[in-house]
Amino acid sequence: MRKLALIGLLGAVVLAMTCQEPGPTPAEQLQAIFDETWDFQMREFPTYATAVGIHDYNDKLPSMKLEDIERRAQYWQEILQRLDAIDRETLGTDAQINYDMFRRRVEDRVQEFEFKDHLIPITAEGGFHTGFARLAERVPLATTQDYDNYIARLEAFDQYADEYMTLLREGVANGYVLPRVTLEGYDSTIRPHIVDDVTQSVFWKPFENFPVTVPKADREALREAGLAAVRDTVIPAYRTFLEFMLDEYIPACRSTLGASELPNGREYYAYLVRHHTTLDITPEEVHEIGLAEVARIRGEMMEIIEQLGFEGDFAEFLEFLRTDSQFFVETPEELLKEASYIAKKMDGQLPALFKTLPRTPYGVEPVPEHIAPKYTAGRYVGAPLGSTKPGYYWVNTYALESRPLWALPALTLHEAVPGHHLQNALRQELEDLPNFRRFSGINAYGEGWGLYSEWLGIEAGIYEDLYQHFGRLTYEMWRACRLVVDTGLHAMGWSREQAMDFMAENT
(Lines give C-alpha, C1' and ligand atoms only; values in the text may rest on other atoms or scores of the structure.)
Protein backbone atom coordinates (compact mmCIF):
# COMPACT_ATOMS: atom_id res chain seq x y z
CA MET A 1 0.00 0.00 0.00
CA ARG A 2 2.88 2.34 0.83
CA LYS A 3 4.40 1.66 -2.59
CA LEU A 4 1.10 2.39 -4.29
CA ALA A 5 0.71 5.62 -2.32
CA LEU A 6 4.25 6.69 -3.23
CA ILE A 7 3.63 5.94 -6.89
CA GLY A 8 0.42 7.93 -6.75
CA LEU A 9 2.16 10.87 -5.09
CA LEU A 10 4.94 10.87 -7.67
CA GLY A 11 2.35 10.72 -10.42
CA ALA A 12 0.54 13.69 -8.96
CA VAL A 13 3.79 15.68 -8.78
CA VAL A 14 4.64 14.87 -12.40
CA LEU A 15 1.14 15.78 -13.49
CA ALA A 16 1.31 19.08 -11.60
CA MET A 17 4.67 19.88 -13.19
CA THR A 18 3.44 19.14 -16.68
CA CYS A 19 0.29 21.21 -16.15
CA GLN A 20 2.12 24.32 -14.99
CA GLU A 21 1.90 27.39 -17.18
CA PRO A 22 5.03 27.70 -19.33
CA GLY A 23 7.31 30.63 -18.44
CA PRO A 24 7.42 33.81 -20.51
CA THR A 25 9.06 33.52 -23.90
CA PRO A 26 12.20 35.54 -24.66
CA ALA A 27 10.06 37.97 -26.66
CA GLU A 28 7.69 38.40 -23.70
CA GLN A 29 10.63 38.91 -21.35
CA LEU A 30 11.99 41.62 -23.63
CA GLN A 31 8.63 43.37 -23.87
CA ALA A 32 8.31 43.25 -20.09
CA ILE A 33 11.68 45.01 -19.79
CA PHE A 34 10.56 47.64 -22.31
CA ASP A 35 7.35 48.27 -20.35
CA GLU A 36 9.04 48.34 -16.97
CA THR A 37 11.85 50.67 -17.99
CA TRP A 38 9.42 53.01 -19.71
CA ASP A 39 7.37 53.29 -16.53
CA PHE A 40 10.61 53.82 -14.59
CA GLN A 41 11.61 56.71 -16.83
CA MET A 42 8.18 58.30 -16.54
CA ARG A 43 8.44 58.28 -12.73
CA GLU A 44 12.05 59.44 -12.68
CA PHE A 45 11.68 62.19 -15.28
CA PRO A 46 8.23 63.78 -14.89
CA THR A 47 8.83 66.55 -17.42
CA TYR A 48 9.74 63.94 -20.03
CA ALA A 49 6.55 62.07 -19.11
CA THR A 50 4.52 65.23 -19.76
CA ALA A 51 6.23 65.70 -23.13
CA VAL A 52 5.24 62.21 -24.31
CA GLY A 53 1.64 62.48 -23.16
CA ILE A 54 1.86 60.81 -19.74
CA HIS A 55 0.21 63.18 -17.26
CA ASP A 56 0.45 61.27 -13.97
CA TYR A 57 3.37 63.40 -12.75
CA ASN A 58 2.53 66.84 -14.12
CA ASP A 59 3.15 68.54 -10.77
CA LYS A 60 6.69 67.23 -10.32
CA LEU A 61 10.24 67.92 -11.50
CA PRO A 62 12.99 65.30 -11.76
CA SER A 63 15.34 64.77 -8.84
CA MET A 64 18.92 65.57 -9.82
CA LYS A 65 20.42 64.58 -6.49
CA LEU A 66 23.63 62.62 -6.86
CA GLU A 67 22.23 59.67 -4.92
CA ASP A 68 19.29 59.44 -7.32
CA ILE A 69 21.58 59.62 -10.33
CA GLU A 70 23.65 56.80 -8.82
CA ARG A 71 20.50 54.79 -8.11
CA ARG A 72 19.39 55.14 -11.73
CA ALA A 73 22.79 54.03 -12.98
CA GLN A 74 22.56 50.92 -10.79
CA TYR A 75 19.09 50.23 -12.17
CA TRP A 76 20.36 50.33 -15.75
CA GLN A 77 23.22 48.03 -14.81
CA GLU A 78 20.65 45.52 -13.52
CA ILE A 79 18.64 45.88 -16.73
CA LEU A 80 21.78 44.97 -18.68
CA GLN A 81 22.06 41.76 -16.67
CA ARG A 82 18.43 40.91 -17.44
CA LEU A 83 19.09 41.51 -21.14
CA ASP A 84 22.05 39.15 -20.93
CA ALA A 85 19.69 36.44 -19.71
CA ILE A 86 17.57 36.66 -22.87
CA ASP A 87 18.57 34.42 -25.76
CA ARG A 88 18.68 37.00 -28.55
CA GLU A 89 18.91 34.34 -31.27
CA THR A 90 15.43 33.03 -30.42
CA LEU A 91 13.85 36.42 -31.12
CA GLY A 92 12.22 37.36 -34.41
CA THR A 93 13.88 39.86 -36.74
CA ASP A 94 11.97 42.91 -35.47
CA ALA A 95 12.51 41.92 -31.86
CA GLN A 96 16.24 41.50 -32.50
CA ILE A 97 16.40 45.03 -33.89
CA ASN A 98 14.54 46.34 -30.83
CA TYR A 99 16.83 44.34 -28.56
CA ASP A 100 19.99 45.68 -30.19
CA MET A 101 18.81 49.31 -30.18
CA PHE A 102 17.62 49.13 -26.60
CA ARG A 103 20.73 47.39 -25.36
CA ARG A 104 22.90 50.03 -26.97
CA ARG A 105 20.94 52.77 -25.20
CA VAL A 106 21.28 51.04 -21.84
CA GLU A 107 25.00 50.42 -22.32
CA ASP A 108 25.45 54.09 -23.19
CA ARG A 109 23.62 55.20 -20.05
CA VAL A 110 25.89 53.03 -17.93
CA GLN A 111 29.00 54.30 -19.69
CA GLU A 112 27.98 57.94 -19.40
CA PHE A 113 27.63 57.55 -15.66
CA GLU A 114 31.03 55.86 -15.43
CA PHE A 115 32.55 58.79 -17.33
CA LYS A 116 30.79 61.16 -14.88
CA ASP A 117 28.95 62.86 -17.73
CA HIS A 118 26.35 64.00 -15.18
CA LEU A 119 28.89 66.34 -13.57
CA ILE A 120 28.81 68.61 -16.64
CA PRO A 121 25.02 69.00 -16.99
CA ILE A 122 25.10 72.29 -18.95
CA THR A 123 26.45 73.30 -22.35
CA ALA A 124 27.70 76.54 -23.82
CA GLU A 125 24.23 76.96 -25.31
CA GLY A 126 22.12 76.45 -22.21
CA GLY A 127 21.01 73.90 -19.67
CA PHE A 128 18.28 73.10 -17.16
CA HIS A 129 17.49 76.79 -16.77
CA THR A 130 16.81 77.40 -20.46
CA GLY A 131 14.75 74.23 -20.70
CA PHE A 132 12.70 75.20 -17.65
CA ALA A 133 12.00 78.60 -19.18
CA ARG A 134 9.90 76.84 -21.83
CA LEU A 135 7.73 75.10 -19.24
CA ALA A 136 4.59 77.07 -20.08
CA GLU A 137 4.85 76.00 -23.72
CA ARG A 138 5.34 72.32 -22.89
CA VAL A 139 2.60 71.56 -20.38
CA PRO A 140 -1.19 71.31 -20.66
CA LEU A 141 -2.93 74.43 -19.38
CA ALA A 142 -6.61 73.76 -19.96
CA THR A 143 -8.01 73.17 -16.45
CA THR A 144 -7.64 74.42 -12.90
CA GLN A 145 -5.71 71.26 -12.09
CA ASP A 146 -3.34 71.95 -14.97
CA TYR A 147 -2.61 75.38 -13.51
CA ASP A 148 -2.14 73.91 -10.05
CA ASN A 149 0.39 71.47 -11.52
CA TYR A 150 2.19 74.28 -13.32
CA ILE A 151 2.39 76.33 -10.12
CA ALA A 152 3.68 73.30 -8.20
CA ARG A 153 6.53 72.99 -10.66
CA LEU A 154 7.31 76.69 -10.36
CA GLU A 155 7.42 76.31 -6.59
CA ALA A 156 9.84 73.38 -6.92
CA PHE A 157 12.31 75.22 -9.14
CA ASP A 158 14.57 76.50 -6.38
CA GLN A 159 15.28 72.96 -5.17
CA TYR A 160 15.71 71.82 -8.78
CA ALA A 161 18.27 74.59 -9.40
CA ASP A 162 20.05 73.80 -6.12
CA GLU A 163 20.45 70.17 -7.17
CA TYR A 164 22.02 71.21 -10.47
CA MET A 165 24.37 73.61 -8.73
CA THR A 166 25.40 70.79 -6.40
CA LEU A 167 26.25 68.66 -9.45
CA LEU A 168 28.27 71.51 -10.94
CA ARG A 169 30.15 71.95 -7.66
CA GLU A 170 30.88 68.23 -7.63
CA GLY A 171 32.20 68.64 -11.15
CA VAL A 172 34.52 71.45 -10.05
CA ALA A 173 35.80 69.34 -7.17
CA ASN A 174 36.60 66.43 -9.48
CA GLY A 175 37.90 68.28 -12.54
CA TYR A 176 34.80 67.88 -14.71
CA VAL A 177 34.19 71.43 -15.95
CA LEU A 178 33.61 73.25 -19.22
CA PRO A 179 36.24 75.34 -20.98
CA ARG A 180 35.92 78.86 -19.56
CA VAL A 181 36.00 80.53 -22.96
CA THR A 182 32.84 78.71 -24.08
CA LEU A 183 30.90 80.35 -21.24
CA GLU A 184 31.62 83.93 -22.26
CA GLY A 185 28.29 85.73 -22.34
CA TYR A 186 26.55 82.86 -20.56
CA ASP A 187 24.75 85.31 -18.29
CA SER A 188 22.56 86.17 -21.31
CA THR A 189 20.81 82.81 -20.85
CA ILE A 190 19.93 83.66 -17.22
CA ARG A 191 19.43 87.43 -16.91
CA PRO A 192 16.16 87.59 -18.93
CA HIS A 193 14.45 85.70 -16.10
CA ILE A 194 15.57 88.10 -13.37
CA VAL A 195 12.89 90.76 -13.70
CA ASP A 196 11.54 93.35 -11.27
CA ASP A 197 8.04 93.16 -12.73
CA VAL A 198 6.63 89.64 -12.49
CA THR A 199 4.32 90.29 -15.43
CA GLN A 200 7.41 90.60 -17.64
CA SER A 201 8.50 87.03 -16.86
CA VAL A 202 7.97 84.27 -19.41
CA PHE A 203 6.53 82.24 -16.53
CA TRP A 204 3.70 84.72 -16.01
CA LYS A 205 2.31 84.43 -19.54
CA PRO A 206 -0.23 81.63 -18.77
CA PHE A 207 -1.87 83.87 -16.17
CA GLU A 208 -2.52 86.73 -18.58
CA ASN A 209 -5.29 84.95 -20.48
CA PHE A 210 -6.98 81.83 -19.18
CA PRO A 211 -8.68 79.37 -21.53
CA VAL A 212 -12.46 79.26 -21.27
CA THR A 213 -12.16 75.79 -19.73
CA VAL A 214 -10.74 77.28 -16.50
CA PRO A 215 -13.67 78.47 -14.34
CA LYS A 216 -13.75 82.22 -13.76
CA ALA A 217 -14.18 81.59 -10.04
CA ASP A 218 -10.73 79.96 -9.89
CA ARG A 219 -8.75 82.47 -11.87
CA GLU A 220 -7.95 85.11 -9.27
CA ALA A 221 -6.63 82.55 -6.80
CA LEU A 222 -4.52 80.97 -9.55
CA ARG A 223 -3.12 84.38 -10.48
CA GLU A 224 -2.18 85.10 -6.87
CA ALA A 225 -0.51 81.70 -6.45
CA GLY A 226 1.27 82.05 -9.77
CA LEU A 227 2.51 85.53 -8.97
CA ALA A 228 3.84 84.36 -5.61
CA ALA A 229 5.58 81.35 -7.17
CA VAL A 230 7.31 83.43 -9.85
CA ARG A 231 8.18 86.30 -7.48
CA ASP A 232 9.26 84.28 -4.43
CA THR A 233 10.75 81.14 -5.96
CA VAL A 234 11.55 81.32 -9.67
CA ILE A 235 13.14 84.77 -9.94
CA PRO A 236 15.25 84.37 -6.76
CA ALA A 237 16.42 80.95 -7.98
CA TYR A 238 17.57 82.42 -11.29
CA ARG A 239 19.32 85.21 -9.40
CA THR A 240 21.12 82.67 -7.21
CA PHE A 241 22.11 80.65 -10.26
CA LEU A 242 23.49 83.75 -11.99
CA GLU A 243 25.60 84.60 -8.94
CA PHE A 244 26.81 81.01 -8.75
CA MET A 245 27.85 80.99 -12.41
CA LEU A 246 29.60 84.37 -12.34
CA ASP A 247 31.26 84.14 -8.93
CA GLU A 248 31.88 80.43 -8.49
CA TYR A 249 31.52 78.16 -11.51
CA ILE A 250 32.94 80.11 -14.45
CA PRO A 251 36.06 81.21 -12.53
CA ALA A 252 36.66 77.55 -11.66
CA CYS A 253 36.35 76.36 -15.26
CA ARG A 254 39.42 75.26 -17.17
CA SER A 255 41.60 77.23 -19.52
CA THR A 256 42.07 74.16 -21.73
CA LEU A 257 39.61 73.22 -24.48
CA GLY A 258 39.73 69.56 -25.37
CA ALA A 259 37.73 66.76 -23.79
CA SER A 260 41.07 64.97 -23.68
CA GLU A 261 41.96 67.30 -20.78
CA LEU A 262 39.18 65.89 -18.59
CA PRO A 263 39.81 62.91 -16.29
CA ASN A 264 39.73 59.86 -18.60
CA GLY A 265 39.04 62.42 -21.30
CA ARG A 266 40.49 60.55 -24.26
CA GLU A 267 38.43 57.47 -23.47
CA TYR A 268 35.35 59.64 -22.88
CA TYR A 269 35.70 61.39 -26.23
CA ALA A 270 36.26 58.10 -28.05
CA TYR A 271 33.03 56.89 -26.45
CA LEU A 272 31.20 60.02 -27.62
CA VAL A 273 32.38 59.43 -31.19
CA ARG A 274 31.00 55.91 -31.09
CA HIS A 275 27.79 57.07 -29.43
CA HIS A 276 26.96 59.80 -31.94
CA THR A 277 28.05 57.93 -35.07
CA THR A 278 26.88 54.46 -33.94
CA LEU A 279 30.10 53.21 -35.56
CA ASP A 280 33.19 51.55 -34.16
CA ILE A 281 35.33 54.40 -35.44
CA THR A 282 38.15 56.45 -33.92
CA PRO A 283 38.45 60.24 -33.64
CA GLU A 284 41.43 60.07 -36.00
CA GLU A 285 39.37 58.28 -38.64
CA VAL A 286 36.59 60.87 -38.30
CA HIS A 287 39.21 63.61 -38.71
CA GLU A 288 40.43 62.11 -42.00
CA ILE A 289 36.87 61.68 -43.29
CA GLY A 290 36.26 65.34 -42.50
CA LEU A 291 39.35 66.49 -44.38
CA ALA A 292 38.36 64.44 -47.43
CA GLU A 293 34.83 65.87 -47.35
CA VAL A 294 36.14 69.43 -47.03
CA ALA A 295 38.22 68.91 -50.18
CA ARG A 296 35.28 67.42 -52.11
CA ILE A 297 32.83 70.16 -51.13
CA ARG A 298 35.41 72.87 -51.80
CA GLY A 299 35.67 71.59 -55.36
CA GLU A 300 31.89 71.87 -55.84
CA MET A 301 31.93 75.36 -54.36
CA MET A 302 34.64 76.49 -56.77
CA GLU A 303 32.53 75.26 -59.70
CA ILE A 304 29.64 77.50 -58.60
CA ILE A 305 31.94 80.51 -58.13
CA GLU A 306 33.23 79.95 -61.66
CA GLN A 307 29.68 79.70 -63.03
CA LEU A 308 28.80 82.99 -61.33
CA GLY A 309 31.75 84.69 -63.01
CA PHE A 310 32.93 86.14 -59.71
CA GLU A 311 36.23 87.96 -60.04
CA GLY A 312 38.22 87.18 -56.92
CA ASP A 313 39.47 84.27 -54.87
CA PHE A 314 37.55 81.98 -52.52
CA ALA A 315 38.09 84.16 -49.43
CA GLU A 316 36.87 87.23 -51.30
CA PHE A 317 33.75 85.39 -52.43
CA LEU A 318 32.98 84.38 -48.85
CA GLU A 319 33.45 87.96 -47.73
CA PHE A 320 31.05 89.08 -50.50
CA LEU A 321 28.43 86.59 -49.28
CA ARG A 322 28.86 87.71 -45.67
CA THR A 323 28.53 91.42 -46.35
CA ASP A 324 26.53 92.26 -49.49
CA SER A 325 23.19 93.82 -48.54
CA GLN A 326 21.25 91.90 -51.22
CA PHE A 327 21.59 88.76 -49.08
CA PHE A 328 20.12 90.16 -45.86
CA VAL A 329 16.80 91.44 -44.54
CA GLU A 330 16.23 94.37 -42.21
CA THR A 331 13.53 93.06 -39.87
CA PRO A 332 12.80 89.80 -38.07
CA GLU A 333 9.39 89.65 -39.75
CA GLU A 334 11.01 89.63 -43.19
CA LEU A 335 13.22 86.68 -42.24
CA LEU A 336 10.24 84.74 -40.87
CA LYS A 337 8.26 85.43 -44.05
CA GLU A 338 11.12 84.21 -46.23
CA ALA A 339 11.47 81.04 -44.14
CA SER A 340 7.70 80.45 -44.21
CA TYR A 341 7.58 80.82 -47.99
CA ILE A 342 10.33 78.26 -48.49
CA ALA A 343 8.67 75.85 -46.06
CA LYS A 344 5.30 76.22 -47.77
CA LYS A 345 6.88 75.77 -51.18
CA MET A 346 8.36 72.47 -50.00
CA ASP A 347 5.03 71.44 -48.46
CA GLY A 348 3.61 71.46 -51.96
CA GLN A 349 6.26 68.97 -53.12
CA LEU A 350 5.83 66.45 -50.31
CA PRO A 351 2.99 64.34 -51.75
CA ALA A 352 5.04 63.68 -54.89
CA LEU A 353 8.04 62.57 -52.85
CA PHE A 354 6.60 60.68 -49.88
CA LYS A 355 3.90 58.05 -49.59
CA THR A 356 3.24 58.70 -45.88
CA LEU A 357 3.05 62.14 -44.30
CA PRO A 358 2.53 62.95 -40.62
CA ARG A 359 -0.80 64.02 -39.19
CA THR A 360 0.89 66.65 -37.01
CA PRO A 361 1.33 70.07 -38.66
CA TYR A 362 4.09 72.56 -37.93
CA GLY A 363 4.43 76.31 -37.58
CA VAL A 364 7.23 78.83 -38.08
CA GLU A 365 8.30 80.95 -35.09
CA PRO A 366 11.31 82.98 -33.98
CA VAL A 367 13.72 81.48 -31.49
CA PRO A 368 12.59 82.81 -28.07
CA GLU A 369 14.37 86.05 -27.18
CA HIS A 370 15.71 84.74 -23.88
CA ILE A 371 17.85 82.08 -25.61
CA ALA A 372 18.42 83.58 -29.08
CA PRO A 373 21.87 85.18 -28.47
CA LYS A 374 23.49 81.81 -27.74
CA TYR A 375 21.33 79.75 -30.12
CA THR A 376 21.86 78.27 -33.56
CA ALA A 377 20.39 79.67 -36.78
CA GLY A 378 17.33 77.43 -36.54
CA ARG A 379 15.94 74.29 -34.97
CA TYR A 380 12.95 71.99 -35.01
CA VAL A 381 10.91 71.70 -31.82
CA GLY A 382 8.52 68.76 -31.73
CA ALA A 383 4.96 68.83 -30.44
CA PRO A 384 4.15 67.27 -27.05
CA LEU A 385 2.21 64.08 -27.74
CA GLY A 386 -1.51 64.40 -27.20
CA SER A 387 -1.36 68.19 -27.05
CA THR A 388 -3.18 70.66 -29.26
CA LYS A 389 0.12 72.19 -30.34
CA PRO A 390 2.02 71.69 -33.61
CA GLY A 391 5.71 71.15 -34.10
CA TYR A 392 7.68 74.33 -34.71
CA TYR A 393 10.44 75.39 -37.05
CA TRP A 394 12.35 77.98 -35.06
CA VAL A 395 14.20 80.67 -37.01
CA ASN A 396 16.76 82.78 -35.16
CA THR A 397 16.00 86.44 -35.85
CA TYR A 398 18.71 87.70 -33.48
CA ALA A 399 21.69 89.41 -35.17
CA LEU A 400 20.13 89.64 -38.63
CA GLU A 401 23.51 90.53 -40.14
CA SER A 402 24.48 86.87 -39.60
CA ARG A 403 21.33 85.36 -41.19
CA PRO A 404 21.94 85.37 -44.97
CA LEU A 405 19.06 84.52 -47.28
CA TRP A 406 21.21 82.22 -49.41
CA ALA A 407 21.49 79.85 -46.43
CA LEU A 408 17.79 79.87 -45.58
CA PRO A 409 16.51 77.21 -48.06
CA ALA A 410 18.92 74.54 -46.82
CA LEU A 411 18.21 75.43 -43.19
CA THR A 412 14.46 75.23 -43.78
CA LEU A 413 14.60 71.88 -45.56
CA HIS A 414 16.79 70.46 -42.78
CA GLU A 415 14.83 71.71 -39.76
CA ALA A 416 11.25 71.76 -41.08
CA VAL A 417 10.22 69.73 -44.13
CA PRO A 418 11.16 67.21 -45.27
CA GLY A 419 13.71 67.27 -42.45
CA HIS A 420 13.20 66.98 -38.73
CA HIS A 421 9.45 67.59 -38.78
CA LEU A 422 8.74 64.56 -40.96
CA GLN A 423 11.35 62.50 -39.15
CA ASN A 424 10.12 63.28 -35.63
CA ALA A 425 6.38 63.51 -36.23
CA LEU A 426 6.22 60.26 -38.19
CA ARG A 427 8.34 58.43 -35.62
CA GLN A 428 5.94 59.39 -32.84
CA GLU A 429 2.97 58.28 -34.94
CA LEU A 430 4.37 54.75 -35.47
CA GLU A 431 2.35 53.18 -32.68
CA ASP A 432 3.60 49.64 -33.34
CA LEU A 433 7.11 50.60 -32.21
CA PRO A 434 8.29 50.32 -28.60
CA ASN A 435 8.03 53.64 -26.79
CA PHE A 436 11.79 54.00 -26.49
CA ARG A 437 11.98 54.13 -30.28
CA ARG A 438 9.00 56.42 -30.77
CA PHE A 439 10.24 59.08 -28.37
CA SER A 440 13.98 59.15 -28.81
CA GLY A 441 16.35 59.70 -31.67
CA ILE A 442 19.73 58.58 -32.92
CA ASN A 443 21.92 61.51 -33.97
CA ALA A 444 23.54 59.65 -36.85
CA TYR A 445 20.12 58.99 -38.35
CA GLY A 446 18.45 62.28 -37.46
CA GLU A 447 21.21 64.50 -38.79
CA GLY A 448 21.79 62.19 -41.73
CA TRP A 449 18.12 62.60 -42.63
CA GLY A 450 18.49 66.36 -42.29
CA LEU A 451 21.42 66.35 -44.71
CA TYR A 452 19.50 64.15 -47.17
CA SER A 453 16.58 66.58 -46.92
CA GLU A 454 18.82 69.46 -47.96
CA TRP A 455 19.95 67.47 -50.98
CA LEU A 456 16.36 66.53 -51.84
CA GLY A 457 15.66 70.23 -52.31
CA ILE A 458 17.56 70.01 -55.60
CA GLU A 459 15.10 67.47 -56.99
CA ALA A 460 12.17 69.45 -55.57
CA GLY A 461 13.32 72.69 -57.25
CA ILE A 462 13.64 74.64 -54.00
CA TYR A 463 17.00 76.27 -54.75
CA GLU A 464 16.22 79.15 -57.09
CA ASP A 465 19.70 80.42 -57.95
CA LEU A 466 23.38 79.55 -57.70
CA TYR A 467 23.74 81.49 -54.46
CA GLN A 468 21.17 79.26 -52.80
CA HIS A 469 22.91 76.19 -54.21
CA PHE A 470 26.11 77.54 -52.71
CA GLY A 471 24.22 78.02 -49.46
CA ARG A 472 23.37 74.31 -49.41
CA LEU A 473 27.06 73.53 -49.83
CA THR A 474 27.94 75.90 -46.98
CA TYR A 475 25.86 73.78 -44.62
CA GLU A 476 27.45 70.61 -45.92
CA MET A 477 30.88 72.24 -45.55
CA TRP A 478 30.02 73.45 -42.05
CA ARG A 479 29.41 69.86 -40.95
CA ALA A 480 32.50 68.53 -42.68
CA CYS A 481 34.60 71.20 -40.98
CA ARG A 482 33.08 70.28 -37.64
CA LEU A 483 34.30 66.72 -38.13
CA VAL A 484 37.78 68.14 -38.51
CA VAL A 485 37.59 70.79 -35.81
CA ASP A 486 35.78 68.73 -33.18
CA THR A 487 38.24 65.87 -33.40
CA GLY A 488 41.10 68.36 -33.70
CA LEU A 489 40.16 70.15 -30.49
CA HIS A 490 39.13 67.17 -28.40
CA ALA A 491 41.57 64.47 -29.47
CA MET A 492 44.44 65.98 -31.43
CA GLY A 493 45.57 69.00 -29.46
CA TRP A 494 44.30 71.76 -31.75
CA SER A 495 44.28 75.30 -30.38
CA ARG A 496 41.21 77.52 -30.42
CA GLU A 497 42.87 79.80 -32.98
CA GLN A 498 43.63 76.82 -35.22
CA ALA A 499 40.00 75.74 -35.10
CA MET A 500 38.68 79.25 -35.72
CA ASP A 501 41.02 79.78 -38.65
CA PHE A 502 39.98 76.49 -40.24
CA MET A 503 36.29 77.36 -39.93
CA ALA A 504 36.79 80.90 -41.22
CA GLU A 505 38.79 79.71 -44.22
CA ASN A 506 36.24 77.13 -45.31
CA THR A 507 32.77 78.16 -44.13
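Colleague: What do buried, exposed and partly exposed stand for here?

Modeller: Buried means under 20% relative accessible area, exposed means over 50%, and partly exposed is in between, using a 1.4 Å probe and protein chains only. In this structure, 45% of the 507 residues of the protein chain count as buried. Keep in mind that this is a predicted model: local features need pLDDT of at least 70, side-chain atom pairs count only at pLDDT 80 or more, and totals for chains, interfaces and linings use all residues. Residues are numbered from 1 along each chain as its sequence is written, and side-chain values use heavy atoms, leaving out hydrogens and water.

Colleague: Thanks! How many salt bridges does a search of the whole structure find?

Modeller: Side chains of opposite charge can pair when their charged atoms come close. A salt bridge is a side-chain nitrogen of Lys or Arg within 4 Å of a carboxyl oxygen of Asp or Glu. The whole structure has 24 of them. One joins E248 and R169, at 2.7 Å from N to O. E248 lies in helix α10 (residues 216-252) and R169 in helix α9 (residues 157-174), so the pair ties together parts 79 residues apart in sequence. Helices here are DSSP runs of H or I with at least four residues, numbered from the N terminus.

Colleague: And which residues join E293 and R296 in one network?

Modeller: Start with the pair: R296 and E293 meet in a salt bridge of 2.8 Å, N to O. They sit three residues apart in helix α12 (residues 283-308), about one helical turn. Salt bridges that share partners then link E293, R296, E300, R472 and E476 into one network.

Note on methods. Helices (H or I, at least four residues) and strands (E, at least two) are DSSP runs, numbered from the N terminus.
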